[in-house]
Every structure is written in structure tokens, then in C-alpha cells.
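Here is a set of questions and answers for someone meeting this structure for the first time. Each answer sets a value beside the rule that gives it its name.

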Amino acid sequence: MDGVRLIARYLGPYRRDFLLAVLCVAVETSLEIFIPVLMAYVLDEGIMAGSLRTVLTGGAGMLVCALISLGLGFLYARFSARAAMGLGSRLREAEYAHLQEFSFSNLDDFESSSLVTRLTTDVTVIQNALVSGTRPLVRGPVILVMGLLCAALMSAELAVVFFAVIPVLAVAVFFVVRRVGPLYRVLQGVMDQLNDALQEDLAAIRVIKAYVREGHVAERFAGVNGQLASTATRTFRTAVLNLPIFQATMYTSCVGIMWLGGQMILAGTLTVGTFTGFMSYVLQIVNSLMMISNVFLLLARAVTSVERVGEVLDEKPTIASPRQAVHEVRNGSVSFDHVSFKYASTAEKNVLEDVCLDFAAGSTIGILGGTGSGKSTLVQLIARLYDASSGTVRVGGRDVRDYDLAALRDAVGVVLQKNVLFSGTVRENLAWGDAAASDADMLEACRLACADEFLERIGGLDGDLGQGGAGVSGGQRQRLCIARALLKRPRVLIFDDSTSAVDMATDATIRANLATLKDVTKIVIAQRVASVMDADKIVVLDDGRVHAQGTHEELLASDPIYQEIYESQIGSGISGEVA
Ligand SMILES: Nc1ncnc2c1ncn2[C@@H]1O[C@H](COP(=O)(O)OP(=O)(O)OP(=O)(O)O)[C@@H](O)[C@H]1O
């Protein structure tokens with residue numbers, strides 16, 4: 001029922017086309033039903049009675065019915081195609097728009113490959129069901145009811161055969177559909193896995209080649225592909241079972257009716273014309289039953305897809321702007337007040353535990369800690385990419401949950417660990433930071449991020465970055481991402497290991513340039529102590545807790561973890577990574 005409501009809702013302006021399509025089929029079908037009546041009339045009153053006039057008028061009537069049916073068939077194709085394609089487009093648009101509202105934790109709930117299938121294959125299944133299903137869905141029941149009615153009017157005794165056969169068919173269809181419905185869900189799930197493997201392999205094609213792992217990934221792909229083939233075979237093997245069941249039933253009822261009809265003609269209780277007309281109904285009724293069963297199978301698959309699309313559309317964004325949102329972030333101060341966090345509510349252990357921190361506006365903060373200590377998680381709470389599980393994160397003295405999301409994220413620039421550039425020119429990519437930025441603004445941001453050094457080499461602001469920014473090196477990509485974040489002119493700038501691929505000298509220049517942005521709070525996650533040594537405050541995280549905080553000198557004097565990191569990197573003269 002929810003599925004029907006969803007389809008009705010997203011048909012929107014195409015509801016009219018859909019209803020017209022239904023009307024066309026209903027009228028077309030009724031005319032077809034009327035043709036055997038005319039046929040019986042032509043045979044009995046025309047041919048048998050030797051009246052040419054009756055043959056001609058009856059024949060003309062049949063021709064008119066057939067021509068109108070043909071016209072309605074064309075109109076149906078037009079209306080149903082428009083409704084189905086419109087529905088598909090609106091569903092994809094709605095899913096896509098809703099996806100943009102997803103928070104990081106919503107995205108954690110869905111595999112991206114599954115989202116791709118839900119936006120493409122599932123929508124296509126629904127479209128196909130509408131185009132190919134509406135006609136038989138309307139025709140089947142109309143032909144069945146009217147055919148049974150006309151057949152019973154022609155000969156009640158002969159029609160009895162149907163009343164014996166229909167319940168048998170209904171039970172058979174019920175069992176086939178009940179078995180096949182869940183199989184379709186499994187099938188779509190395996191389709192997700194295939195997409196997943198394909199996407200990952202294509203995204204990592206360079207790594208695969210570098211590690212000469214083509215054989216390994218081909219084997220993995222073959223495994224998923226084989227699973228898809230076997231699941232599809234199992235599903236469709238069950239689905240086609242209804243065909244032999246129907247044929248057996250159809251031929252049995254035909255034989256029964258011929259035997260009964262023959263007896264009645266011999267006994268003089270039935271005319272040949274009536275019997276011929278009746279046989280047309282037999283074929284129509286059996287065809288209608290076949291149509292209905294096929295529609296059930298088609299719908300069983302479409303229902304699965306509607307449910308999967310519905311799951312995306314019904315997913316509540318876990319993070320949204322409050323009603324009376326604050327639009328202005330007063331300054332770049334950041335504080336964590338007894339903040340704890342875990343990614344899944346069911347997880348046993350918190351990723352961040354009772355974190356209390358205060359960063360003054362305009363200060364430079366360094367964050368150090370071992371792999372998995374919670375550094376990225378901590379900074380993601382500032383831009384509300386995730387919400388704290390308990391405690392309060394404040395920016396500019398206000399709870400981040402009070403702000404309008406767009407205003408908060410404009411004020412908090414994050415250069416994520418996994419930097420992403422898009423296909424297009426440098427200018428188009430930088431415009432993500434500020435769509436209204438002038439060339440001079442962009443060049444200044446590039447200068448601060450030390451991206452000016454290579455800008456000319458890649459064709460200046462008009463240089464094309466290639467697909468997904470593949471045309472620049474790792475270090476160049478990081479610098480362009482920093483320039484992009486700078487263009488937002490945020491109050492808080494977060495660098496999550498954003499200069500890891502940049503050489504030490506350039507890293508130092510970028511830091512010196514950023515230090516000139518006096519009213520911007522700079523939070524730098526780094527693996528290199530050298531990158532944070534000059535910070536106003538350095539926070540050392542250990543297993544999700546604040547282990548220590550202070551200036552370089554304070555920590556070097558008092559904190560064993562900091563001393564160890566410093567010793568391993570600077571003391572020994574190596575610029576290695578945090579253990
Ligand atoms: N999306 C996620 N879902 C579930 N767990 C996650 C997710 N992201 C990170 N974690 C877990 O949270 C913990 C902290 O991860 P986080 O990325 O914050 O560490 P980090 O200190 O930034 O590490 P690194 O220096 O390697 O980047 C890790 O144990 C990690 O496995």
C-alpha cells in the first residue's frame with residue numbers, strides 16, 4: 001500500500017497521463033470483448049440465415065471496433081510511456097535531492113554502490129513495470145470479468161468449466177509469486193554487490209595495475225558475477241513455472257469445453273455460431289489469466305524495487321538545520337564540552353570519550369595522536385559532519401546544533417583527509433569555495449596554499465584537471481584543496497593531514513602563509529611534529545581521550561607520548577610518522 005502511495009505521489013503531473021493510459025486500455029479491451037458477440041451474430045443471423053446485409057453490417061461493426069482498438073492502442077503507448085518516463089525521472093531526481101541532505105552517518109547506512117542501483121536499476125524496473133504492466137493489469141481483469149459474463153450469457157453450462165479451473169490457477173499463481181517475491185530482493189542485493197565490486201575496481205584501477213593484481217580482482221569479479229547469474233537463474237526458473245501450469249490448464253479446459261459443446265450441438269441445444277463465439281471467449285479468458293499471472297510476477301519485482309527506492313526516500317537525514325537557526329557565526333572560537341562520540345549507537349566503545357577542549361578564536365591548534373586515536377572524528381564534529389553522541393560542541397560560543405547548517409559549514413572550512421577534486425578546470429574547482437570569487441581572489445588563495453608554484457605548468461586557472469582531478473599529483477591536489485577551502489574565507493579552517501604529500505619546505509611556507517590569517521582559527525591534524533610545533537596549542541589524543549594539551553615547550557617538558565613522538569621524528573633527525 002505504501003508502494004502505491006509512493007508511486008501516486010511521484011507520478012505528480014504525470015498522473016493524468018497514467019489515468020488516460022488506463023482509460024484507453026479499458027475502452028480498447030471492452031471493444032475487443034464486443035467483437036465475438038458480433039462474430040456470433042454474423043455467423044448465426046448472417047451466414048446461417050443467408051442474409052448478406054447482416055454479414056456486411058456485422059462485419060463493418062467488427063472493423064470499426066478493431067480500428068478504434070488500434071487507435072486506442074497507439075494512444076495507450078503514448079500516455080503510458082510519458083507517465084513511466086516522467087515517474088522514473090521524478091523518482092531519480094527526488095532520490096538524488098534527498099541524498100544531498102544525507103549526513104555522513106546516513107551515508108554510512110547505505111553502501112554507495114547500493115545507492116547507485118537504487119537510483120538506476122530499481123527505477124528502471126519500476127518504469128518497465130508501469131509501461132509493460134499497466135496494459136495487462138487493466139486488460140486482464142476487464143477481459144476476465146467481461147469475458148466470463150458474456151460466456152455465461154452465451155452458455156451458462158459451458159461457462160461452468162471456468163469456475164472449476166480459475167481457483168486452481170489462482171492457487172498456482174499465489175505459490176509462484178510468493179516464492180519469487182523474496183528471490184527478487186536477493187537478486188537486487190547481489191546486483192548491489194556487483195556494482196560495488198565494479199566501482200571499487202574502476203576507482204582503484206591504477207593501484208590494481210601497480211600491484212599487478214588484475215588476476216585477483218578478475219577472480220573476485222567473476223565470483224560476484226557468477227553469484228548474480230545463479231541467483232537470476234533461480235529467480236527466473238521459478239518465475240517461468242507459471243507458463244507450463246497455464247498451458248496445461250488452458251488445453252484441459254479447451255478439451256473439456258469442446259467435448260461438452262460438441263455434445264450440446266449434437267443434442268441441438270447449442271448453435272455452431274454461439275459455440276464459435278464462446279470459443280473466442282475461452283481463448284480471451286485464458287489469455288487474460290495468463291496476463292494477470294505475468295503482471296503479478298512483474299509487480300513482485302517492481303514491489304521490491306519500490307521498497308528499495310522508498311528506503312532511500314524515507315531515510316531521515318540525521319543532521320538538519322533547526323527551526324529558528326542562527327545564521328551568523330560570531331567568531332572562530334571552538335570548544336568541546338564533555339563530548340563523547342560513537343559512529344553506531346550499537347557500538348560498545350566510544351570513539352571519543354569525554355573530550356573537553358577550548359580553542360581561542362584566531363589561534364593555531366595542532367592535533368597529534370596515533371592512527372585511529374580519533375583525530376579526524378574530533379574535527380568532523382566541528383562542522384557537524386557528525387553530531388556528538390553526548391556533550392556539546394560550540395563554535396563562536398554557540399552550540400553547533402543551533403546554526404543553520406549551510407551557515408556553519410561556510411564558516412568552518414574543512415580540508416578532508418581524502419581530498420577530492422572534480423573533473424573540470426582549476427577555476428571551476430576553486431569556485432566550489434566561492435562561486436563569486438574573482439581571478440585575483442583565486443590567485444591569492446593559490447599563493448597562500450603554495451599552489452601558484454605549479455599553476456602555470458598545468459595551464460593556469462583554465463587548466464583542465466582531468467577526470468576526478470587525475471591530472472595533478474597528490475601534493476598538487478592537496479594544495480589546490482587548501483586554496484579551495486581558503487576561498488570560503490571561513491572563521492575556522494581545519495586541515496586533516498592535508499599537507500602529508502607536500503615536502504617539508506612547502507609545508508613550512510604554507511604554515512607561514514596561513515599564520516597571516518589572524519582572525520581565522522586554524523586546526524591542523526598532522527603526522528609530522530614539525531607541522532604543529534609552532535601552534536599556540538597542541539592536543540595529544542590517545543584512544544579517543546585528550547591525553548595532554550599545551551604548547552610545544554610544555555608538552556616536551558611533561559608529556560611522555562609527545563616526547564616519544566618528538567624523539568622519533570626530530571630528535572633522531574628523521575621526519576617520520578606518528579607511531
Ligand atoms: N565512518 C566510520 N564508521 C565507523 N567507525 C569509524 C568510521 N570512521 C572512523 N571510524 C573508527 O573510529 C576510530 C577513530 O578514527 P579516526 O579516523 O578519527 O582516527 P584518526 O586518529 O584520524 O586516524 P588516522 O590518523 O589514521 O587518520 C577508528 O577506530 C576508526 O576505525
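Q: Which helix gives the most to the shell around the ligand?
A: In this predicted model, helix H12, residues 375-380, gives the most to that shell, with three residues. The residues that surround the ligand include Lys375, Ser376 and Thr377, and among the others are Asp108, Tyr343, Val351 and Gln417.

Q: How do you know that a residue such as Gly374 belongs among those that surround the ligand?
A: A residue is counted when its C-beta atom, placed from the backbone, lies within 6 Å of the molecule, and Gly374 is listed in the shell together with Gly369, Thr371, Gly372 and Ser373.

Q: What makes up the shell around the ligand by class?
A: The shell has two nonpolar, eight polar and two charged residues. Glycine counts as polar under the rule used here, so Gly369, Gly372 and Gly374 of the shell are placed in the polar class.

Q: Why is H7 called roughly antiparallel to H9?
A: Helix H7 (residues 156-203) and helix H9 (residues 214-239) pack at an angle of about 165 degrees, and their axes are 9 Å apart. Angles over 145 degrees count as roughly antiparallel, and therefore H7 is described as roughly antiparallel to H9. The crossing of these two helices, H7 and H9, is left-handed, and their contact has 16 nonpolar, six polar and four charged residues.

Q: Why is H2 called roughly antiparallel to H3?
A: Helix H2 (residues 15-47) packs with helix H3 (residues 52-100) at an angle of about 165 degrees, with axes 8 Å apart. Because the cut-off for the term is an angle over 145 degrees, H2 is roughly antiparallel to H3. The crossing of H2 and H3 is left-handed, and the residues of their contact divide into 23 nonpolar, eight polar and five charged.

Q: Why do strands E2 and E5 stand at the edges?
A: The open sheet of four strands has the order E2-E1-E4-E5, with antiparallel pairing. Strand E2 (352-359) and strand E5 (398-399) each have a single partner strand, so one side of each is left without a neighbour in the sheet.

Q: How do you know that E1 pairs with E2?
A: Two strands pair if at least two bridges are found between them, and five bridges join strand E1 (residues 334-341) to E2, the two running antiparallel. Phe336 stands opposite Leu357 in E2, while the bridge partner of Val334 in E2 is Phe359.

Q: How many bridges join E1 to E4?
A: Five bridges join E1 to strand E4 (residues 390-395), and these strands run antiparallel. Phe336 stands opposite Val393 in E4.

Q: Why do E6 and E10 stand at the edges?
A: The open sheet of six strands has the order E6-E7-E8-E3-E9-E10, with mixed pairing. Strand E6 (412-415) and strand E10 (545-550) each have a single partner strand, so one side of each lacks a neighbour in the sheet. Neighbouring strands of this sheet are turned by 15 degrees against each other on average, direction ignored.

Q: In which sense do E9 and E10 pair?
A: Strand E9 (residues 537-542) and E10 pair in the antiparallel sense over five bridges, and Ile538 stands opposite Gly550 in E10.

Q: Which domains does the domain assignment give, and what separates their centres?
A: The domain assignment of the protein gives domain 1 (2-314) and domain 2 (334-571), and 55 Å separate their centres, taken over C-alpha atoms.

Methods
Residues are numbered from 1 along each chain as its sequence is written. This is a predicted model: local features need pLDDT of at least 70, side-chain atom pairs count only at pLDDT 80 or more; totals for chains, interfaces and linings use all residues. Axes are lines fitted to C-alpha atoms, for helices over the stretch in contact, and angles run from 0 to 180 degrees between N-to-C directions. Angles under 35 degrees count as roughly parallel, over 145 as roughly antiparallel, 65 to 115 as roughly perpendicular and the rest as oblique. A crossing is left-handed if the near helix is turned anticlockwise from the far one by less than a right angle, and right-handed if clockwise. Domain bounds come from an automatic or database domain assignment.
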